[in-house]
Structure formats: structure tokens, C-alpha cells
Amino acid sequence: MSEERIELEIFDLSHKGRGIGKHDGIIVFVSGGVIPGDKVTARPIKKKKRHIEAESLWIDVPSPYRCESFCPYSEGEKKCGGCPLASMEYEAQIGLKEKQVKDKLSRIGGVDPQKVRDIIPMEDPFAYRNKAVMAVDGDSVGFRSAGSHTVVDCEGCSIQTPAANAVFLTLKEFLTSAQGKATLGAGEKGLSDILQSVTVRTSLATGEVMVILKTTGETVDVESLAYMLDDAVYESEYSLESVITDDGKEVRAVAGKLTINDMIGDMKLELSPRSFYQVNPVMTKVLYDKVKEYADLKGGENILDLYCGGGSIGLYLAGEGGYVVGVESVRDAVIDANRNAVINGIINARFICGKAEDVLPELINGGSGDEVLHRTACDSDIVILDPPRSGVDKVLLETIADVRPLWPGT
């Protein structure tokens, strides 16, 4: 089977970024950086009852949508797997993703694809992510290869901010130095032995940067590293405000403060190391403005923000609404949400920790003993749902249906 070769044309991509083609009427999932329109020769790896898994050996005829990859780590042996569409023109990527969304909503949800609005593209889809996480394995700093624990050593990433890339390069330099190899305190391990990952949070609005060092639990002295990071971030025209260590139990500021400041439009936000937040700040404002447009607030509408994370969507609408109640199961996110309400002088929003499917029925039944929360839950006009990948709990959907929110235009 390993010597077998098949020729096929890729007509779609799976949710895991593998090309989809057909051979003798059987669906074939092809790995290896192929995109729709490519005609390839592939080697079957696994043959199953209803499909074949294969790897691309070479491209016989390139797709008309194929372009030169913007990333040296999107192909070949040092492939991180983070940008499977790096060799596809951006406009074609948008078209492909729009088609996939329409197909899934139509096939699974029975939604008329004509009702699905067009994707709003970015003007510049590079250097935009406000959160970057790179794994650390000894001296290697980079992203994990798709489907494995192997760390692909990276010199930088095109979709991360200059500040994040400066941190990654500086950390790599430190880990390979005598300081990085030196033992910490009375221990026998150096930083390169106990560091698991590094996270960089960047505010494009304020220029503030937070660096989070995830360790295996040992006490870490990173004073010299903090000075190096400060210089590198400054040279990238950002400002390092916070260096954090996280050993899985305790989050500690070893330099600077525990939060950084950011903004969405005129709304101020404080971000903590574990804050829930959209990673694309440019399109977050576009998204929230679209939510506000669809909500069509006239003033006085009650809003439920369920699976609210750090509460930013509800807070963004609070100035034009009546009362906002947010529900989120992660306590740190709820603390962030309530703190950001105070920072912005928003007195008509409250955020509760708990599972939305448990909390909402309790509020409706008056179990909380709070009349404002009870009234808001019972008389909600707008419901915002931003669930995890597992989707919205069925009990919650039934509860929302019973409340019968007054959607705009009804």
C-alpha cells in the first residue's frame, strides 16, 4: 500500500486543514499543504470504509488560487501547522471559509444559505494577534507541529505583533546563554529545564505588553531576562508593562503589574494573565459594531450575555441598553468583567459566575433573591450567545425559548 499512488483534484478543505478530493468515487483526505484547485499525486496512508487518508507527494498542477507562502514554517520539514492556508490568496481564503460556514449551517442546522451574510475581510491580515503562545522545549521556542508535541523552532511569526516576535527571539537568546543554563537558586535546573511556554499579550491600542512564563512549578528568578525583554520590546516600539510567572497554581508578577490596559473603541479594558479576549482586536471592533447594529438598541432593552467570557460584548452594548446580565463559568473572567464595568463607569451591568444553563433558570425562578437580576432574566429583549466549541447547552436553548426575547424587528 505504501507504494500506491493516486491522482486527484482538491475541491475543499476539512476543518483540520486537510485537502478533500475524490478517487474512484471515494472521499480522500490529503495532508501536506494542499489547497482547493490543486491537482496532486498522493500516497494513501489509511484506507477506511468510507474514505481514504493520504499525503501529498507532489503537485502536478497548482491551483489558480495558489500564491507564494508568506511563512517559512507553513511547508516542508519545519511546518508548524498554524497557517494551513498560507499558500492561498487571501480573497480565496475568505471565499472558502464563507462556503464552509454556509454548507455547515445548511446541512446541520437547516439554515437557508442565502440568509448567511458575507464575511467581512481584514484590510491587512498580518501582525494583528493580541495573544501569542509559543511552546518551549529546552532551547527551542516555537509552535507545535500539527497533530504532534514536536516544537518547531521559529524565528518569528507573520501574524503576531512585532513585540511578540521580539519576546520570542529574546527568550531564545536567553535560553541558549550561560544565564539560561545556570541553576536557579539552590536548585539544579536552569530556566530552559522548567519553562513550558511563553505567552505574549499585546495591546495594539495602548502599546502595552505582558509576558507570561508558564513553568513546571519551580520558583523562578527571571530578573535578568526581564531586563532583556524590556529592551527588546522597547525597540519594537511597544512598552513592556508586565512579566508574569504561572506555575499552574499561582500567577505572580515578577516585574511590573498584573494587568495591562487595552481599548475597544472608547471602552477601556484591563487584561489579566488569564483574561478571555478576542485575539483579533481590529476585527473585534468590527464584530461588536455589527452586534450593536443587529441589536438595534432603542434604549432600555435588557440584555443577557451568556458564555460572556470577560464580558466585553455586553459592556460594549451597555451604554445604549437597559440592564446587562452576563454569565460565565470561569471565575477569573467574571472578575475581569465586573472590574471592567467599574473602570468604564458602567452601573447597569453585572456578571455572575456559573454555568449559564444552571444560572439562567435560577434567575428566572427568582432563586437568587435579587429582583434586578430576576426582572432582567424574565424580561430580556436581547440574548447574546458566544459559546465554547462544544456549543450551547440544550437546556439553555429551551430556557431562552421560554423567555421569548423580543428580537429586533419582531
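Q: How many helices and strands does the secondary structure of the protein come to?
A: Eleven helices and 19 strands. Helices (H or I, at least four residues) and strands (E, at least two) are DSSP runs, numbered from the N terminus. This is a predicted model: local features need pLDDT of at least 70, side-chain atom pairs count only at pLDDT 80 or more, and totals for chains, interfaces and linings use all residues. Residues are numbered from 1 along each chain as its sequence is written, and side-chain values use heavy atoms, with hydrogens and water left out.

Q: What does the C-alpha trace of the protein span along its principal axes?
A: The span is about 70 × 65 × 35 Å.

Q: What percentage of the residues in the protein is buried?
A: Buried means under 20% relative accessible area, exposed over 50%, and partly exposed in between (1.4 Å probe, protein chains only). Here buried residues make up 45% of the 410 residues.

Q: Among contacts between residues at least 6 apart in sequence, what percentage joins residues at least 24 apart?
A: Contact means heavy atoms within 4.5 Å. Of those contacts in the protein, 57% join residues at least 24 apart.

Q: At what angle do the axes of helix H9 and helix H10 cross?
A: Two packed helices are described by the angle between their axes and the distance between the axes. Axes are lines fitted to C-alpha atoms, for helices over the stretch in contact, and angles run from 0 to 180 degrees between N-to-C directions. The axes of H9 (residues 356–364) and H10 (residues 371–378) come within 8 Å and cross at roughly 105 degrees. So H9 is roughly perpendicular to H10. Angles under 35 degrees count as roughly parallel, over 145 as roughly antiparallel, 65 to 115 as roughly perpendicular and the rest as oblique.

Q: Which residues make the contact between H9 and H10?
A: H9 brings Leu360, Leu363 and Ile364. H10 brings Leu373, His374, Ala377 and Cys378.

Q: How many salt bridges does a search of the whole structure find?
A: Side chains of opposite charge can pair when their charged atoms come close. A salt bridge is a side-chain nitrogen of Lys or Arg within 4 Å of a carboxyl oxygen of Asp or Glu. The search finds 20 of them.

Q: Which residue forms a salt bridge with Lys47?
A: The partner is Glu4, with the closest N and O atoms 3.1 Å apart. This pair links distant parts of the chain, 43 residues apart: Lys47 is in strand S5 (residues 39–47), Glu4 in the segment before strand S1 (6–9). Lys47 counts as partly exposed because its relative accessibility is 48%. Glu4 is partly exposed too, at 28%.

Q: Where are Lys257 and Glu208 in the chain?
A: Their side chains meet in a salt bridge (3.6 Å, N to O). Lys257 is in the loop between strand S13 (251–256) and strand S14 (260–264), while Glu208 is in strand S11 (residues 208–215), 49 residues apart. Lys257 is partly exposed at 32% relative accessibility. Glu208, at 12%, counts as buried.

Q: Where is Tyr307 placed?
A: Tyr307 is in the loop between S16 and helix H7 (312–318). Its phi is positive, about 55 degrees, although Tyr307 is not a glycine. At 14% relative accessibility, Tyr307 is buried.

Q: Which residues does Gln93 touch, not counting those up to four places away in sequence?
A: Gln93 touches Leu85 and Met88. Gln93 lies in helix H1 and is buried, with a relative accessible area of 11%.
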